[in-house]
Amino acid sequence: MEETGLSDLKYHHGNLKEALIQAGLDILREDGLEALSLRACAARAGVSHGAPKNHFANLAVLQAAIATEGFRQFAGTMRRHMADASNDAREQILASARGYIAFVEENPHLFRLMFSMERQIDIYPELQPASREAYAVLREVSEGLSPENCENPVHRTSVETMLWAFIHGYANLKANRQFYTANAETGRDPALEEIFPQLLYLTRHKEV
């Protein structure tokens, strides 16, 4: 995935907050979630171990900031895949799913952090708009699905949840290499297009 946002920053005291967030992203990508600490981020950013306290009272606050950036990049990855697809409703849904899967595969530890921090969204309010930005992509593409896909839909949320559950589940199974039965029978992971449910699509998806 193309790096966005923070990756080109120079680590100096003028942008220490951003440097620490980027350091955390780098540590997650290279060493995993267990390696993430204030001290490790400080060392990576080239500052003293006490310097992070100027912006982050503890590791949880830094994790929330890293997760916030993660959700922004997550949304951007899905939208880039959508931009390369046709405006057809099914193609837009599949493109967003490919972006979702690509992000999870390339950022498994960041993804774990993002969704563990979501449970504390009321404690770290900056997480909420970033999380909503990512969910808005799935909400948008789900508008290309007919509500008839849900037998008794109460509202559009039923369709959104159905789509999210499928994509999220597939992405996690693929990223964690858990398609054991399929691999034993076919020698490969099942392709998204092969197992995507037969759904009813509206004639055209809205402009994106």
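Modeller: In this predicted model, helix H3 has 25 residues, which at 1.5 Å a residue should span 36 Å. At the start of H3, Asn-58 places a side-chain oxygen within 3.1 Å of the backbone nitrogen of Ala-60.

Further along, H3 contains Thr-68. The relative accessibility of Thr-68 is 3%, and Thr-68 therefore counts as buried, the limit being under 20%. A polar atom of the Thr-68 side chain lies 2.8 Å from the backbone oxygen of Ala-64. Once the neighbours within four places in sequence are left aside, the residues in contact with Thr-68 are Glu-126, Leu-127 and Ala-130.

H3 also has a part in covering another helix. The buried residues of H1 are covered by elements that include helix H2 (38-45), helix H3 (59-83) and H5. Those buried residues are Leu-16, Ala-19, Leu-20, Ile-21, Gln-22, Ala-23, Gly-24, Leu-25, Asp-26, Ile-27 and Leu-28. Helix H1 itself runs over residues 16-31, and its 16 residues should span 22 Å at 1.5 Å a residue. The end C-alpha atoms of H1 are 21 Å apart, which agrees. After H1 comes Gly-32, with a positive phi near 95°.

Helix H4 covers residues 89-106 and helix H5 residues 108-117; their axes are 5 Å apart and meet at an angle of about 105°. H4 is therefore roughly perpendicular to H5, since angles of 65 to 115 degrees count as such. On the H4 side the contact involves Tyr-100, Phe-103, Val-104, Glu-105 and Glu-106. On the H5 side it involves Pro-108, Leu-110, Phe-111, Met-114 and Phe-115. Sorted by class, this contact of H4 with H5 has 8 nonpolar residues, 2 charged residues and no polar ones.

H4 also holds Ala-97. With a relative accessible area of 0%, Ala-97 is buried. Beyond its neighbours within four places in sequence, Ala-97 is in contact with Ile-167 and Leu-192. Ala-97 and Tyr-170 are 73 residues apart along the chain, and their C-alpha atoms are separated by 9.2 Å.

Another residue pairing involves Arg-90 and Leu-202. These two are 112 residues apart in sequence, yet 8.9 Å apart in space from C-alpha to C-alpha. Leu-202 sits in the segment after helix H9 (192-195). Its relative accessibility is 38%, and Leu-202 therefore counts as partly exposed. Not counting residues up to four places away in sequence, Leu-202 touches Ala-89, Glu-143, Gly-144, Leu-145 and Ser-146.

Helix H6 (residues 127-142) contains Gln-128. At 28% relative accessibility, Gln-128 is also classed as partly exposed. Gln-128 and Glu-118 are 10 residues apart in sequence, and their C-alpha atoms are 8.1 Å apart in space.

A loop residue gives a contrast in exposure. Arg-177 is in the loop between helix H7 (156-175) and helix H8 (180-186). Arg-177 is not a glycine, although its phi is positive, at about 55°. Its relative accessible area is 65%, and Arg-177 is therefore exposed, the limit for that being over 50%.

Last, the chain as a whole. Its secondary structure comes to 9 helices and 0 strands, and the pattern read along the sequence is α-α-α-α-α-α-α-α-α. The chain has 208 residues, of which 42% count as buried; Thr-68 and Ala-97 are among them. Among contacts between residues at least 6 apart in sequence, 64% join residues at least 24 apart.

Definitions and conventions. Residues are numbered from 1 along each chain as its sequence is written. This is a predicted model: local features need pLDDT of at least 70, side-chain atom pairs count only at pLDDT 80 or more; totals for chains, interfaces and linings use all residues. Side-chain values use heavy atoms; hydrogens and water are left out. Axes are lines fitted to C-alpha atoms, for helices over the stretch in contact, and angles run from 0 to 180 degrees between N-to-C directions. Helices (H or I, at least four residues) and strands (E, at least two) are DSSP runs, numbered from the N terminus. Angles under 35 degrees count as roughly parallel, over 145 as roughly antiparallel, 65 to 115 as roughly perpendicular and the rest as oblique. Contact means heavy atoms within 4.5 Å. Ala, Val, Leu, Ile, Met, Phe, Trp, Tyr, Cys and Pro count as nonpolar, Asp, Glu, Lys and Arg as charged, and the others, Gly among them, as polar. The expected span of a helix is 1.5 Å times one less than its number of residues. Buried means under 20% relative accessible area, exposed over 50%, partly exposed in between (1.4 Å probe, protein chains only). A polar contact is a pair of N or O atoms within 3.5 Å; within protein, one must be able to donate a hydrogen and the other to accept it, and residues adjacent in sequence count only if both atoms are side-chain atoms.
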